[in-house]
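Have a look at it first, then follow the notes below.

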Amino acid sequence: MIDIAQKINDEVDSFLSDTSPNINWDNIPENSKWSNKEIIGHLIDSAHVNLQRFVRCTYSENFKLTYDQVEWVEAQHYQESDINELLMLWKALNMQIIRVLKNYPTNRLQTQCDNSKTEPSLHTVEWLAADYVAHMQHHLKQLN
């Protein structure tokens, strides 16, 4: 988990120092896709949900937590938010995830969590952590 925590730290640091200053944060796509602010908002939502998964799986088996990503982005009005506030929140949430993962009990890494909306879809904490990084990388590449 220390390797995954380091990947998260590297992604956040690299994005904030190298990429973020060059992004048009005021873009509004025409085709109903998320704006750049909304993509960061979605990553904030993902961080909230995954932090809860990681914490709760330290003491609970088959914990279930899902979210309606489109509705959450819409309800939180990320497009109207100050980008600096969004980026600070995203960074802070990821720093907490890093703290949790660096200290994760090794006897709980294979604990399963259900992240499905309908039929059970159980994944280990270890898998969820790796997937969290891949999900973050996917969305950061979309920003322009």
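Let's start with H123, which touches T111, Q112, C113, N115 and L128, leaving out residues up to four places away in sequence. Keep in mind that you're looking at a predicted model.

**H123 and its strand**
- H123 sits in strand 3, which covers residues 122-124.
- Its side chain also makes a polar contact with the side chain of S121, at 3.1 Å.

**Helix 5 with helix 1**
- Two packed helices are described by the angle between their axes and the distance between the axes.
- For helix 1 and helix 5 (residues 125-142), the angle is about 15° and the axes are 10 Å apart.
- That angle makes helix 1 roughly parallel to helix 5, because anything under 35 degrees counts as roughly parallel.
- Helix 1 passes helix 5 in a left-handed crossing.
- On the helix 1 side, the contact is made by I4, K7, I8, E11, V12 and F15.
- On the helix 5 side, you'll find E126, A129, A130, Y132, V133, M136, Q137 and L140.
- Sort the residues of this contact by class and you get ten nonpolar, one polar and three charged.

**Helix 5 with helix 2**
- Here the axes of helix 2 and helix 5 come within 10 Å and cross at roughly 175°.
- Angles over 145 degrees count as roughly antiparallel, so helix 2 and helix 5 are roughly antiparallel to each other.
- Helix 2 brings N36, I39, I40, H42, L43, S46, A47, N50, R53 and F54 to the contact.
- Helix 5 answers with V125, L128, A129, Y132, H135, M136, H139, L140 and Q142.
- The class count for this contact is eleven nonpolar, seven polar and one charged.

**Helix 5 with helix 4**
- The axes of helix 4 (residues 83-102) and helix 5 come within 12 Å and cross at roughly 155°.
- Helix 4 and helix 5 are therefore roughly antiparallel to each other.
- Helix 4 passes helix 5 in a left-handed crossing.
- The contact is made by W90, N94, I97 and L101 of helix 4, together with A129, Y132, M136 and L140 of helix 5.
- By class, that's seven nonpolar residues, one polar and no charged ones.

**I40, a residue of helix 2**
- I40 is found in helix 2, and I40 is one of the residues in the contact with helix 5.
- Is I40 buried or exposed? I40 counts as buried, because its relative accessibility is 0%.
- Leaving aside neighbours within four places in sequence, I40 is in contact with F15, W25, L86, L87, L140 and L143.
- I40 and H139 are 99 residues apart in sequence, but their C-alpha atoms are 8.2 Å apart in space.

**N27, a residue in a loop**
- Where does N27 lie? You'll find N27 in the loop between helix 1 (2-19) and helix 2 (36-56).
- N27 is buried, because its relative accessible area is 16% and the cut-off is under 20%.
- A polar atom of the N27 side chain lies 2.9 Å from the backbone nitrogen of N36.
- Not counting residues up to four places away in sequence, N27 touches S35, N36, Q79 and N144.

Key
Residues numbered from 1 in each chain as written. Predicted model: local features only at pLDDT ≥ 70, side-chain atom pairs only at ≥ 80, totals over all residues. Heavy atoms only, no water. Helix = DSSP H or I, 4+ residues; strand = E, 2+ residues; numbered from the N terminus. Buried < 20%, exposed > 50% of the residue type's maximum accessible area, 1.4 Å probe, protein only. Polar contact = N/O pair within 3.5 Å; in protein donor to acceptor, adjacent residues only side chain to side chain. Contact = heavy atoms within 4.5 Å. Axes fitted to C-alpha atoms, helices over the stretch in contact; angles between N-to-C directions. Parallel < 35°, antiparallel > 145°, perpendicular 65-115°, else oblique. Left-handed = near helix turned anticlockwise from the far one by under 90°. Nonpolar A, V, L, I, M, F, W, Y, C, P; charged D, E, K, R; others polar.
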